[in-house]
Every structure is written in C-alpha cells, then in structure tokens.
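Reader: I am new to this structure and would like to understand the words used for it. Could you take me through a few of them, setting each value against its definition?

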Number of protein chains: 4
Amino acid sequence: MASNCFGNIFRITTWGESHGKAIGVVIDGCPAGVAITDDDINADLALRSPGKSPFTSPRQETDHGEILSGVFNGLTTGTPISIIIWNRDADSSKYEAIKDLLRPGHASFTYLKKYGAFDYRGGGRASARETAGRVAAGAVAKKFLAHFNIRIAAYVQRIAGVEASPPAVDLKSLREATYKSEVFCPDPAAAAAMAAELTKIMDRGDSVGGVVEAVVEGLPAGLGDPVYEKLSGNISRAMMSIPATRGIEIGSGFAVADLNGSTNNDVFYMDGDVIRTKTNYAGGVLGGMSTGMPLVFKVAFKPASSIKIPLDTIDTKGNKQTFNLPAGSRHDPCVAIRAVTVVEAMTAITLADSILMNRSAQA
Amino acid sequence: MASNCFGNIFRITTWGESHGKAIGVVIDGCPAGVAITDDDINADLALRSPGKSPFTSPRQETDHGEILSGVFNGLTTGTPISIIIWNRDADSSKYEAIKDLLRPGHASFTYLKKYGAFDYRGGGRASARETAGRVAAGAVAKKFLAHFNIRIAAYVQRIAGVEASPPAVDLKSLREATYKSEVFCPDPAAAAAMAAELTKIMDRGDSVGGVVEAVVEGLPAGLGDPVYEKLSGNISRAMMSIPATRGIEIGSGFAVADLNGSTNNDVFYMDGDVIRTKTNYAGGVLGGMSTGMPLVFKVAFKPASSIKIPLDTIDTKGNKQTFNLPAGSRHDPCVAIRAVTVVEAMTAITLADSILMNRSAQA
Amino acid sequence: MASNCFGNIFRITTWGESHGKAIGVVIDGCPAGVAITDDDINADLALRSPGKSPFTSPRQETDHGEILSGVFNGLTTGTPISIIIWNRDADSSKYEAIKDLLRPGHASFTYLKKYGAFDYRGGGRASARETAGRVAAGAVAKKFLAHFNIRIAAYVQRIAGVEASPPAVDLKSLREATYKSEVFCPDPAAAAAMAAELTKIMDRGDSVGGVVEAVVEGLPAGLGDPVYEKLSGNISRAMMSIPATRGIEIGSGFAVADLNGSTNNDVFYMDGDVIRTKTNYAGGVLGGMSTGMPLVFKVAFKPASSIKIPLDTIDTKGNKQTFNLPAGSRHDPCVAIRAVTVVEAMTAITLADSILMNRSAQA
Amino acid sequence: MASNCFGNIFRITTWGESHGKAIGVVIDGCPAGVAITDDDINADLALRSPGKSPFTSPRQETDHGEILSGVFNGLTTGTPISIIIWNRDADSSKYEAIKDLLRPGHASFTYLKKYGAFDYRGGGRASARETAGRVAAGAVAKKFLAHFNIRIAAYVQRIAGVEASPPAVDLKSLREATYKSEVFCPDPAAAAAMAAELTKIMDRGDSVGGVVEAVVEGLPAGLGDPVYEKLSGNISRAMMSIPATRGIEIGSGFAVADLNGSTNNDVFYMDGDVIRTKTNYAGGVLGGMSTGMPLVFKVAFKPASSIKIPLDTIDTKGNKQTFNLPAGSRHDPCVAIRAVTVVEAMTAITLADSILMNRSAQA
C-alpha cells in the first residue's frame, strides 16, 4: 500500500532506510514562487542533527540536504521538489549479531510479520532517521507559511516528571530559547532539572519518554475542513505518524474529562476589529477549523526502545534469548528532544496543505 | 476540498445536516461476500440513539437506516453500499433566534469564516447527528471483521473526575455490561458515581467532558503500515475526526513521559505457538503495526457546547450579545456517553481498511 | 477498492444498481456559494431520459433527482451534496431466465470473475443507469463553471458511417440544435441519414456504435496539471469511465500519425490582448494544460451489447447456450445518443475539479 | 496540486527536469519479495536510451538508474523504492536565446500561464526525459507481473501513413523483433517503409506522429474495477499522461462507430477449462474488467514540436518573433519510436496496481 506520503495538495513522500545509500523526500504540490535554497533546508536539518547535545546520539555526520529538482532561479516552479540526504556514517556490521532477535519495544517484529523480512541494519525504515526527510520538507513548508506570517514553535514540555513553564515571550524568542537549551526546553529551571534526570537515566543505560508542546500563531480563522480533514485531525495524524508517539492533546486535552461546558466554552468578543475568544480551551480549533487563536497541542513520545540494559526476548525461531544493544549503537536517552524539530516540520507541512485546501472552500 | 470521506480501500463518505431531509453514508470498497441487513445496521444505530438514558438528549426519533444499494441476496456485491437515514424530528424554527450569534464552543464561527455561510439549524453539518452515518458504516465493517474474529469494545472510562475500573471479563461481556449502563460504563460503582455527578451537572444546566476507552482483540500481527498509514496514526485520525474530541492516547499514552524504556519495552515470549509480550505498554502497536496483543486506546471528549447557562458572545456584526440555548433544544450533558458507539464504529472502519491494505504487503 | 469516486477536489461518488431501490451521487468538495436547485438537476436528467426519441429505450419513468443535503437557502454550503434518484420502473422478474448465462459483450462475466457474484437484474451496477448520478453531479458542476463563463457542448458526430458537419454557430445554438435532434446531432442532413440507418438497424434487432464530439469554450489558459493530472489525461479518464467507451481523441487525434510537426505545431499570435493560436490541432491542450483555445475531443462508443438477435454463449457451468434478450428488455440501438449528456456532465465535473486544483498552482 | 504521482496502491511519483541535477522516481506500495537489481532497471532504460537509432535524438549519455532504497538482499522490502538517474549531458546555455519565446506546439506557454514561470532549459519538466522515471518504475512493475506470468509487448504500428502488420508470433518474439528494428516496428517491410519516410522528413527538418500498439497476455479475468477505476480507464489515463499523446483506442476503438452489436459482441465459449471469446473486439476488457483475452490498445503520438523549420510565434511580451530551434538541440523526428518503451512501462505499472487493487474484491 502506498503509505509513505502525507498531505492532500502539498504532499510529501519520504523514502530511505537508516543504513541504505541515502534518504530523501519528494514534495509534490508546493506552489510556484516560494524562495528556497539548500541552506534553508540545512539550517533546519542542523537543528535535529545528532551530536548537538550530550543527550542526543553521537552519530557523527552532518546531514546535508540537496535540492535536485523543482527549484529554478531560487524559486519553486510548481514541479516536484526532490531533496536527497546521503547516508555517510553507517556501519552495519554490528547489527549482524541481533538480526534474528525480536527487539523489545521495536518494530522489527511487526515488520517481519507484515512483510516477511526486515532490514535490521540500524532500524531500517523504522529508524528515526526517516524524519530527516520530513524536516527537509518542513523547511519548504515554513517558507511558504512565511508568506502568511504564520509562526510555529515547539519545545520539550515534560521529561521524567519535570514539567516546564515556558516564558511568556513571542514565538521567535521562545524558539531561540528552545534551541539554545541542551534539552530543547525554553524554561531554564526545568531544563536544568530535566538534564539532571537525564544524566541519571543515561548513566544506568536507560531511556525516558517526554512530551513536546507546539504553538502556532498567525493562523487565519477557517483553516481545516470539517469532518474527516479537520485541522485538529490532520495535526493528530501528522503527529501520530512520527516514530515513538503515544498520544496527542489539542487545547485542554484529556483535562476536558473533568471540565464543565460553562468553563470550556471559550467566549467570543471583539478585540478591535478581530473576533477573538477570552480563553483558549479549544486550543485554536472549533469544529475542526482554526479560530484564529493560537493552535496549541501536546505530543507524547515514548522512551527510546534502544537501551543499554539487557532484556529477555526470543529469536525468530522462538528460542529464548537476551537482547543486548550492539556495542557502539546510537542511544538517545530521550527521543522527545530531537522530536521537537520534527513536530515543527510536520506542523508546517500540515498547515501548508490546509492553506491550499482552503482555497477551494468558496466559489 | 473533498473532505467527507475516510479510509483508503474501505472508504466511507458521510453526508447530511442535522435539519436537512436526511443523512447518510456511502461505503465504497467493501469486499463482496459480507452478509449484511438493515437490521444489523439498525441494531447499532439503536445503541447510540437518543432517548436511551436520562443523560442523553431527548430527540424523539428512532433512527432507521435503509440500505439502498450494494447488497444482493443478503450479501455485499462489491459495489457501493448506500445507507440513508431520514430526519424526522427536526423543528428548525427555534434556531431563528440565534442564527446571527456566534455560539461559544461551537463551530458556527469557523464554518462562517471558511464558507461564508452557515446552516445554523441544529448545528447543521457540525451536529453529532453526522455520526449516525459512521455508525451505520461501522455495522458493515464489523460484519467484515467478524470473518476474522476481531472483537471491539468501548466504554466510558472517566467522567467528571470519576474513573472506571472495568471488570476483567471477555470483550463480549464487557460490551454487554457497557450498554446496560445508563452512562455506558461497565464498572457499576463508577457508573453510579458518574450518574450522581451528571445529575448535579444537568441540574445546573451545565455539561462535562469524558474519556472513552476502546479495546480490540483478535488482531493479527502486522496490520497497519509504517510511516504515514500507521495503525496507531489511522486510529488517531479516526478518533480525532469525531466531533468534540480533544485527545487520544495509545497504550501507555501521556504517562510515557515519566516511564523508562526498561519498563516500557514490552518483552517478547512464546505463549505456546504464539509470540506475545509480557506487558502491553505499547497498546498493541509497534512501529505503527499491530503486535497481536490487544489494541488499547483512550479518547477525550470535551463537554458539549450546548448548555442551559447564558454566556457572553457577539453577533456576526460584532455587537455584544448573550447566548441562550433555544428553548426545547437538545442537550446532552456528556457527549462521551453516546460517543462510545461512534468510537466502536470508527475503530471497525479503520480496521476493515487496514485488513484490506495489508493484502498488498507481500508479493 | 474504493473505485466509485472521480475527482481530486470536486469529487463525486456514485452508487446504485439498475434494479435496486435507488441510485444517486454524493458530491464532496463543491465550493460554497453555488446556486443550485432540484430543477437544475432535473433539467439535465430530462435530456438523457429514456423515451425522448424513437432511438432510445422505452423505460417509462421520469428520472427525478432530489437534493438531500449540502444546499441551504438555495446555495451550496461547502458540505457534501447528496442527490437521490429513485428507481420506479424496475421489473426484475424477466431477468431470471438469463441469470446463469454469460451475456456476450456484457460485464456479467467479468463481475462474476471479480466479485464471485453478479446482480443480473437489468445490468446491475454495470447498467448505463449509473450515469444518471453523473448527469446530476454534472448539473452542479455546470452551475459552478458558469461563474467563469465556461460553456460545454457535445453532440453525435458519427453513427453507422454517417459523419456530421456541425454548423459554425455559437455553442449555445449548437447545443440547442443537438437536443432538438432525435439523434442528438446538430447537422440536419447527417441526422436524417443517421436516423435512416438506425431504423434499419433497429428493424433487424441490432445495434451500432457511434462517436460523440465535445467542445468547450471559455477556458482560461493553464488549467490542468502537467504529468499525471493533465487536463487531457483527466478528460480521457473521465470519458473512458463512461460505459461502452472504446476510445478518445484530443484535437487532431489519431490523424497525428500522418501529420508533420510543421503543420501540427499551432502557431501563436496576438489577437488583441489575448494570446491565441492560428490553428488548433492541439485541441486546446499543450503539455496537459489548457491553451485558452477551444477544448475539442471525440469519444467512441461501442454498439450496445443488448440486441434482439440470438447469440451463442455458455452458462456459468460452461454448458453451451443461446442468449436471447429477455422479452420486454430495454434496447437502445445506439448508446452514443444518450451518452451525449453524460459526456457533457463528465466534462463539467473534470473542469470544475481542474479549476479548483489550479488554485494551488502559485503561492 | 500533488499531480506527479500515478497509481492507487502501487504508486509512482516521478520528479526532475531535463536540465536539473537529476531525475527520478519513488515507487511507494511495491509489495515485499520482488527480486530487482539496478541491472534490471538499466536494461529497460537502455531500450529507450537516445542514440540507439538514426531516428532518435543524439543526446550522448547512458542513462544509469540507481536504486537508493527499498531493496535489501536483492528483494523489495515493502518500503519505498527510490531510483535516481543523474543528468550528465545537459548544456543549458543554448536555450538562453529562446527563453522568452513561446515555442509553437510546446508547453512553455501553458506552464507560464499556470505557474507564472517556466524552466525553459531543454523543456524543463515537460521534457520527455521525465519518462525515464516511468521506465525505471516499469521495470520493477514488470518483475512483479512476472510472478503471474503476465507479458507485455508494444511496437510502432503506424508512422507517416505506413501501417504495420505484426507477425503472428508469441509476445516474446514480437518484442525481440521490435527492439531489433530501428523504428521499433516488428514488421520488416513496414519498418523499411517507415524508415524511408522518416529519412525524408528528417532531411527537411520536420517531424511526424505515430501510433503505438500494445498487447498484454496472461491477464486473469476480473482485473480492474467497474466505474471510475476501470482497467480500460486506467490504461487510458496512463497512456494519456505520456507526453505527446493525442488519443487511445481499446479493442475495436473508433471503428466501433460503424460496427453492429451482432459483430462486436464477442461470443463466449469453453476452450478446455477456460472461458474465452471467439473474437476480441473488446480488446480484453468488458465493463472495465479484464476478460482474460489479450488486452489490446493503440496510442497516438503527435509529431515532436521541436523541428528545424522556422515558425512564426510571439515572445512573452506579445511581439512577433520567429522561432528557430537552438543549434545543437536534440531532435527526434518521431517520438512514437522511443515511446514504445514508455507505453510498456506505464502498462506494467497500471497492471501491477490493478493486481493489488483486486485483492480487496472479495471478503
């Protein structure tokens, strides 16, 4: 089944395995006239790049995205934009030892069941490396969104019981604070507490989950379609397509179970010429369409399955075995950190698509 | 934008407004050879039907679904199955008074912004009535899933601070207990406490949110596609398309933020001839594909926006107004209750699609 | 497989069998703000209605389309437009005699092979009756196209060796002349010759094929997308989805095999402020996109398979049999005649979709 | 609009411009377990490669396709197969002289109208070079079709008034004869006559159109879906997406206009255990689904727009100009020749998709 594409009009198709020759993305449906360069893409790729922080895995390569088509004289032409990122630092030999083991918490078992085979080298297609293609495409989407002054920021909101209170600053400053932090958390006190917890978790070879929050400002009201192409639904679909995601909340989220309508109903008022709501329990979406208030949502990421603690398992023949992470394997103690950039990218892609879909709303 | 359809191969298109002539669904892509009758559909429609409980709105009509095409000699033929449900109890006159008001917490504002107009009668297309089409389609999907012995149950897991502990029984018994309860909760003690809270909330004209949990058993391993058509992703998309949803969690959900990989990694073992995991933090999905363990997820529903408490608002010209629910309007204090059947239906539709998609996995 | 829908943004899903309860169409993606009434739809349905001509089958029912959703206060709302047409004159008993026979030239065999069963009553889903849903949807599409002053006309261009030379009049007059003719041919001399041939063919119980030509004026340049969503490609796809089609030609068509580039290359010039070409061998499409010159194409329809001449065949068990058309069966000597309205409708639907797709071409 | 992909389940996305860095294709939805190597792809790419014949353009590069993903241990894995073909022989400087001219018969004008800009270098995305990606994907599709013993052959059937009578041999021999011919025509006498005509046409700097016929054997009955995903419809869509196509005929094609049903209705009989028809006017398709008889169709290709004869035109400012093909430009006198391989490839892709779609026909 064709299942590696996302989007209706602005549509991306990612391809590639962790230890194949290259990975990449084709963006089909980006409008003509968007200024984009390799540098724009590489700036975003650098944000998620391994090796930036003590808490992200040490794969020593600089991801370099190269635009192969769809751009002429610095502008998109309306034809597909193909971006390639070569795999350089990929030593597959160490995976031979585990090729017949079911990795606990990992997709090797389900790939095997579905396809009858599995590319065990570095996680194959299930590797988070696939998300580099999304980040590259997200860079293009962001350039398009900039035409409408739509801004996106995401950051780590919770790790290991430590919850952040992001400073009340504009999104640009928030984003800068995020990417300065080694745990991608703009609240310095929380960031320090998270780092302390992460150090302990790393020291014992374990991993931990985390929550990423995203905020979007500058959206016009009416983006998203009712019913099956809701903005909230497509954001959810986008987020839940990112590896390791376990949940999404829009606005008041699961807390709504204990909220009353008299509180949760955001009251409308005129703010000058603009219709706004006094509160934003809705997280910027009513009936699946944007209200013009900030779009706010949270995404839960499970702990990375790759840990340095041996675990019981079986091999493909059903024999009991012990799973040990191959020596020298990459090990991210908390994938939520690097996921911040991926959340931004998938948000940008979803919104670019929504803007284009919206052009057909009225005759 | 064509945004009223869901599914890749088993694809539904719902249509209709709350106060139009009828509502309905077309199922395109149901395989030939599934036994289905109007009675099967009406049995499921009856479950969500208004008037079953003191806590659901008093719309006095019996939804009756009628199959118009796609079935011959009691079996699906492979051609589209069109199901119609006529609207009978639809008095629109009372909505005239509020037709120019922005309803707090309601989609009238965003519809207006998107389409330039809004069918204000009973919520129009944004009414939960649209979900009857989903339930009808879900009845067909369930008949197909029965070929593979796949069972689905959903129930209210939390309302107004009261959390249920469902009894450890088989899914069939769990489902029966659910639909016997007036709050669709199979834990009798929790159900009583929820009912007590709901009575208080209704008495003051307010509403409350709730959480629905769903469990699926009998899934083969390998359902769902990696990357953008993950089973978890498509379940999320399905759930977040239901009106009033604010969040979804798969397996350990948002709790993962504080969990370690050494716990969250479900360990594989042989249970006779079957590969299983000792725990099921994954909620039955790894890498977006089913593991064969139960699929478990929760969906958060916000409090209904329609409450009997007046709220500040503005009209379409920006004048300050007070919004009062029209006398005689339906008023569900907790939409999560009736959503239980819709969650089951959308789960069935998503799984039917996944099974068909899976047929292309191997040459 | 979901295969009963057509279009990317303006998307129709047709449903229904010849002898089921009803047939219909759901239009998903029609923009808000298009004025449409049941009368508009029924005016177009009347054009293709049986019984208008001695050369179309005598099914004595007036197709009546009824809009069930998606229209409020006379305007489309952006939500799905469901249109239903009830089947009234459907006596299925006469088909019992042939239910186990493979009908030569008919889809009963291929349906059986694909789905394992076949609704043999009146052709089931394979009946040309399915096209009524297309005509209803086409009526909506035409109302949208009228916003842009795009006009469509189709007519019978060839039947049984008689070729028409349509008069050089405006499209509105051409269309009127077409629908006044009993063979839907605007060239009176050719129409008379066709009628004479058809009378002879009918008298011997036989059928004949035909060619329908279509012309569209008022298209802006640039409609259609390069590569796989070419305007020419989507028109071809639309036409080849109509029952009984065997070929399509755009512009100079198959004659290109003997043409030279120096002739076939339409030369550009300025006609006042407008860029035009001196000739129109391209039929209004270059690189898959409209040039602004008239879109011109021809569609070949095979002779109806239902004839009153006995034919050798086999039954589903492989025994030799003779196929006789059941007494009282409808019998169109030339389906190309009634196909004229269907060609117009599918053209309108394709163009409505192209206009909406085009809105995403530039940032 | 995302318009560079083709197929429902087996879906290709092509990308790249004639004078960009590279071109390529991503195949999403190829089942796991198909053996494929770079050599398989390059064997097919070599067939269409420029320079094989005096009648194809002299671009002196060997197209080399390289698989970047989706294949492991020689077998497809179910993940996307990305294939890249670098552009090597691309001198863009000569196109500067014509960058503001509307090329008669060429897509520069329509691209400009649609996107506001045009990559004028060598035809940009409108170049036939895009079809190399299709041929590469077709090579993969053919390997999958070989699992079912489905064979495809295409050949030049008509050029410049010369019509071929292909020898009555098996498809493998027919295909070999085709690719031995310098005009890709397996009828030696016709090939010689075509070559003589082509020499004259080339000598005067002109071009000519042509017709390609394709035959497929080994299809099971029941492939293709009724209504909008007919096998005939999808083959038409596939063919009409190839650059320069102007028409398609299935089976008896446009000749049906003069045929009677009593002839055109192919009569069923038992050939041993197999149901066959005595004639094959249907071209192997009834009701849009394969009959098991050979699939036969013809495709018309217009003369290449690039000719060495000066033509009147205008520039983008509307000034009268003369268009001269830049010195050293490639010039194919008859694009139908090289199109043979592309017709084969698009046929294979369409059939691979149909086989996968068909797996959902029955429960």
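Reader: What makes A:Leu171, A:Leu174, A:Thr178 and A:Tyr179 in helix 4 of chain A count as buried?

Author: In this predicted model, local features need pLDDT of at least 70, side-chain atom pairs count only at pLDDT 80 or more, and totals for chains, interfaces and linings use all residues. Side-chain values use heavy atoms, without hydrogens and water, residues are numbered from 1 along each chain as its sequence is written, and chains are lettered from A and ligands numbered from 1 in the order in which they are written. Buried means under 20% relative accessible area, exposed over 50%, and partly exposed in between, with a 1.4 Å probe and protein chains only, and A:Leu171, A:Leu174, A:Thr178 and A:Tyr179 of helix 4 (residues 171-180) are buried. They cover an arc of only 125 degrees around the axis, which puts them on the same side of helix 4 of chain A; the arc is that of the directions from the helix axis to the C-beta atoms. The face turned away from that buried side carries the exposed residues A:Lys172 and A:Lys180.

Reader: What do the buried residues of helix 4 of chain A pack against?

Author: Their partners in chain A are helix 1 (38-48), strand 8 (151-159), strand 10 (210-217) and helix 8 (335-358), where helices (H or I, at least four residues) and strands (E, at least two) are DSSP runs numbered from the N terminus.

Reader: Why are chain C and chain D said to be related as by a two-fold rotation axis?

Author: A rotation of 180 degrees with 0.0 Å of shift along its axis superposes chain C on chain D, with an RMSD of 0.0 Å, by least squares on the C-alpha atoms of residues with pLDDT of at least 70 in both. The two copies are therefore related as by a two-fold rotation axis.

Reader: How many residues of chain C and of chain A are in contact, and what area do the two chains bury?

Author: Contact means heavy atoms within 4.5 Å, and 14 residues of chain C are in contact with 14 residues of chain A. Buried area is the accessible area (1.4 Å probe) that two parts lose on being put together, summed over both, and for chain C and chain A this is about 1,000 Å², 51% of it on carbon and sulfur atoms. In chain C, C:Arg359, C:Ser360 and C:Ala363 lose the most area to chain A, together 54% of what that side buries.

Reader: How many salt bridges are counted between chain C and chain A?

Author: A salt bridge is a side-chain nitrogen of Lys or Arg within 4 Å of a carboxyl oxygen of Asp or Glu, and the count between chain C and chain A is zero.
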